[in-house]
Every structure is written in C-alpha cells, then in structure tokens.
Amino acid sequence: MQKKLIIRTGRVYAELRSELGDFDDWIRRELGAGGDRWQVIDVQAGEALPAVTEVAGAVITGSAAMVSERAPWSEATAAWLRSAHAANVPLLGICFGHQLLASALGGEVDYHPQGPEAGTVTVQTTSAAASDPLLSALPASFAANVIHWQSVQQLPPGAVCLAHNAFEPHHAFRHGSAWGVQFHPEFNAEAMTRYLAQLAEPLARAQLSLPVLQQNVAATPHAAALLQRFAALLPVAAQG
C-alpha cells in the first residue's frame, strides 16, 4: 500500500504545541477518519522523503521559514515536489507549502508588498474553481484563517488561480496534480486566536491590531473541509 504523507516544514510554537498539538495533529484532525494513518516526515529536521513511487499523496504544512531563504532542506523538498508532480502524485500545499510548491514549479515567491495578512479573512473563488475536483464544493465566498508574510507573486506557468481576495491574488491554485492554498484549512478558531497572540509584536510593527484581529476570528468550516476532500482524491488502494 502506498504511503500518505504529511510533509512537516515547520512546527507550531512550543507554548501552543504542548496544549494544542502540532501542524500535523491539526491536519489529521481535519482529515477525519483515517487521519492517524498519514505518515509525518519532518523535512526541516532532516528526515528523508520516500521515493515518489511509494507515495499516494502528500500534504505540505506551513512554516515560520521563508521560501525566499532557499534553505537546503527547503530546496531539497522542492526538488522532491517537482518529481512528485511530474509523476502525477496528488499534492496539497498549505501556506509555506503552497508557496514552496509554486516556487518548485516555476513561480515566484517573495514578501507581500503590503505586509502580513492575518486572522480570519474572506476569500473568493474564481470561475475556474467551479470545475476543480478539490475546490468546486466551496461557495463563491468563504471564511479562512491566514497568517503569512510571503506570497506567491507569480504563479507557475500553466497554473490556474482558483481563489483570491483583495489582499492576496493567489489564495489557491492548481497545476496538474498539485494544489496550493495560502490559507490554513487546519487552523480552527482557537488555534488562530492563540497563534495571533504569539505574533503580537511583529503584527504590531506591521500596524495590525491584535485585539481587532482576535475579535474577528470566526469558524471556517468550508476551508477546513478541503482536507477531507483532498484525502478522497487519493487512489483507492491508498485509502486504508
């Protein structure tokens, strides 16, 4: 049976991790039944990814790292993602994972010129999302949790934009078997509220009000449902 991977590119802040779990725990929660059978590979810690032929699908997590830093582990992961994409392995990148996928496939990633986007925001789907296997079930407008300083400035050649808002033109894209979402489907309201508190100082420097951001945090069920839909796209032989 092929492996289903959660490729961990970063960790939740230690103070939160001890109480709420890590990114992979949150992703497994939203994957629902069978989520505990997804294997975690911590690439930032140097763990090796299996051969692409052994993998049925992969979710790439968020991270406090920046794609533009071109860290060796990040570049090695990007190379693996290119091979997986060429082999039509289903991939779902979240936040940093979304940016890393875009960069690996020929797009451009850098700091957003307007600074960070944080908290619960409204995202709109594009017309292309209506026929997309992953995003077609989303409404035209939905709430999603975000926290990012960098952004996909230019999509890879051949990629299709599936969601956006006034701040972020590329909130979701698809390129063949690969999807990227800038928002966090695995963040529930508690995780978002407490994550914002961990970033109070850099958000203040960006002139964003922590109390206002936290007051606006809301449930994001449509965004969260993406993870179960992604799991359903994987080959039947890997479902387990």
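These legends walk through several close-up views of a predicted model.

**View 1. The largest pocket and what lines it.** Start with the open space: the largest pocket has a volume of about 230 Å³. Its lining takes in 17 residues, and the closest to the pocket's centre are Ser63, Ala64, Ile147, His148 and Trp149. Two elements each give two or more residues to this lining, namely helix H4 (96-104) and strand S7 (141-148). What kinds of residues make up the lining of the largest pocket? There are 11 nonpolar and six polar ones, and no charged residues.

**View 2. Helix H2 and its buried side.** Helix H2 spans residues 23-31, and here you can pick out Phe23, Asp24, Trp26, Ile27, Glu30 and Leu31, which are buried. Looking down the axis of H2, those buried residues fall within an arc of 160°, so they line one face of the helix. Just past the end of H2 comes Gly32, with a positive phi of about 75°.

View 3. Now zoom in on Ile7: setting aside neighbours within four places in sequence, its contacts include Ile41, Val43, Leu49, Ala58, Trp80 and Leu81.

**View 4. Gly97 inside helix H4.** Gly97 sits in helix H4. Is Gly97 buried or exposed? Its relative accessibility is 0%, so Gly97 counts as buried. Leaving out residues up to four places away in sequence, Gly97 touches Ile60 and Thr61. Look for Ser63 too: it is 34 residues from Gly97 along the chain, yet their C-alpha atoms are separated by 7.8 Å.

**View 5. Two loop residues with positive phi.** Neither is a glycine: Asn88 has a phi near 65°, and Cys95 has one near 55°. You'll find Asn88 in the loop between H3 and strand S4 (91-94), while Cys95 is in the loop between S4 and H4. How exposed or buried are they? Asn88 has 58% relative accessibility, so this residue counts as exposed. Cys95, on the other hand, is buried, with a relative accessible area of 5%.

Note on methods
Residues numbered from 1 in each chain as written. Predicted model: local features only at pLDDT ≥ 70, side-chain atom pairs only at ≥ 80, totals over all residues. Heavy atoms only, no water. 1 Å grid on protein atoms, 1.4 Å probe; cavity = no way out; pocket = protein on both sides within 12 Å on 5 of 7 lines; lining within 4 Å. Points joined across faces, edges and corners; volume = space filled by probe spheres on them. Helix = DSSP H or I, 4+ residues; strand = E, 2+ residues; numbered from the N terminus. Nonpolar A, V, L, I, M, F, W, Y, C, P; charged D, E, K, R; others polar. Buried < 20%, exposed > 50% of the residue type's maximum accessible area, 1.4 Å probe, protein only. Arc of directions from axis to C-beta. Contact = heavy atoms within 4.5 Å.
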